[in-house]
Amino acid sequence: MPSIFREPDIALAYEYLPGAAPVVVFCPGYASDMHGTKGLALEADCRARGQAMLRFDYAGHGQSGGDFLEGSIGAWAADAAHILQNLVPAQPVVLVGSSMGGWIALLLARTMARQLVGLVLIAPAADFTEALVRPSLTPAQLAELHGKGVLYQASEYGAPLPLTLKFLDEGARHLLLGGKIGVRCPVTILHGMRDEAVPWQHSLRTAEALESEAVKLIFVKDGDHRLSRPADLALLRAAVAGLPPA
């Protein structure tokens with residue numbers, strides 16, 4: 001597995017598929033990785049049409065080094081930016097972000113105007129530390145978080161997920177939804193209306209904040225947070241394939 005270093009002792013794993021521009025870049029979600037269903041489905045499509053694709057793992061995720069508990073939105077966005085700057089420094093790109101990866105894709109997009117062909121966001125969780133997580137915590141959970149520095153919360157997708165105080169507090173430095181998001185490229189947002197992690201209304205707020213007028217919202221009434229069923233993946237693949245060429 002190829003890797004690149006941002007921190008001297010943390011190898012960031014990635015997979016790069018050479019091909020035609022624009023390069024499809026997949027930003028995975030919180031505690032997810034580049035080998036998830038959506039990333040692999042997009043890679044299969046890119047391979048079939050000869051298009052370039054870049055997948056990667058943030059530090060502490062998947063096959064990358066580092067400690068997940070030391071991570072934060074800022075650090076993981078810096079990981080993504082470092083990988084892009086070193087592997088696709090000038091190529092046109094399409095950023096695809098899932099959940100937290102949608103927040104990271106939006107952070108990246110603000111500084112990539114010349115490269116960015118389009119954005120495809122799946123249940124984008126911009127500002128979720130302040131907008132969704134903090135308000136949901138009970139006084140007892142907040143006390144545990146401040147006392148221990150980490151809180152483990154049940155997840156329907158597997159083992160309990162850790163939430164660190166560092167992650168929660170650091171997220172406040174990267175909020176986007178309090179004003180306009182300086183992204184003017186075409187944007188497609190997919191969101192399941194049965195999403196229990198990120199309410200579909202959050203995508204409306206995100207769409208309103210984007211400066212781009214070329215924003216499409218696609219709501220899947222019976223869709224969950226992951227949007228990984230065959231029909232959901234078909235929507236995602238069509239959204240990426242439908243963006244204009246570089």
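Ala123 is buried, with a relative accessible area of 0% (buried means under 20% relative accessible area and exposed over 50%, with partly exposed in between, for a 1.4 Å probe and protein chains only). Phi of Ala123 is near 45°, a positive value in a residue other than glycine. The residue lies in the loop between strand 6 and helix 4 (128–136); helices (H or I, at least four residues) and strands (E, at least two) are DSSP runs, numbered from the N terminus.

The model is predicted: local features need pLDDT of at least 70, side-chain atom pairs count only at pLDDT 80 or more, and totals for chains, interfaces and linings use all residues. Residues are numbered from 1 along each chain as its sequence is written, and side-chain values use heavy atoms, with hydrogens and water left out.

A positive phi in a residue other than glycine is also found at Leu227, where the angle is near 45°. Leu227 is placed in the loop between strand 10 (215–220) and helix 8. Leu227 is buried, with a relative accessible area of 4%.

For helix 8, twelve residues at 1.5 Å a residue should span 16 Å, and the end C-alpha atoms are 16 Å apart, in agreement; the expected span of a helix is 1.5 Å times one less than its number of residues. Asp232, Leu233, Leu236, Ala239 and Val240 are the buried residues of helix 8. Seen down the helix axis, these residues fall within an arc of 120°, so they line one face of helix 8 (the arc is that of the directions from the helix axis to the C-beta atoms). The face turned away from the buried side carries the exposed residues Pro230 and Ala231. The cover over the buried residues of helix 8 includes strand 3, helix 1, strand 5, strand 6, strand 9 (187–192) and strand 10, where contact means heavy atoms within 4.5 Å.

Helix 1 (residues 37–49) has 13 residues, which should span 18 Å at 1.5 Å a residue; its end C-alpha atoms are 19 Å apart, which agrees. Its buried residues are Lys38, Gly39, Ala41, Leu42, Glu43, Asp45 and Cys46. These pack against strand 2 (11–17), strand 3 (20–27), strand 4 (51–56), strand 5 (93–98), strand 6 (116–122) and helix 8 (230–241).

Strand 3 contains Pro22. The peptide bond from Ala21 to Pro22 is cis, with omega near 0°.
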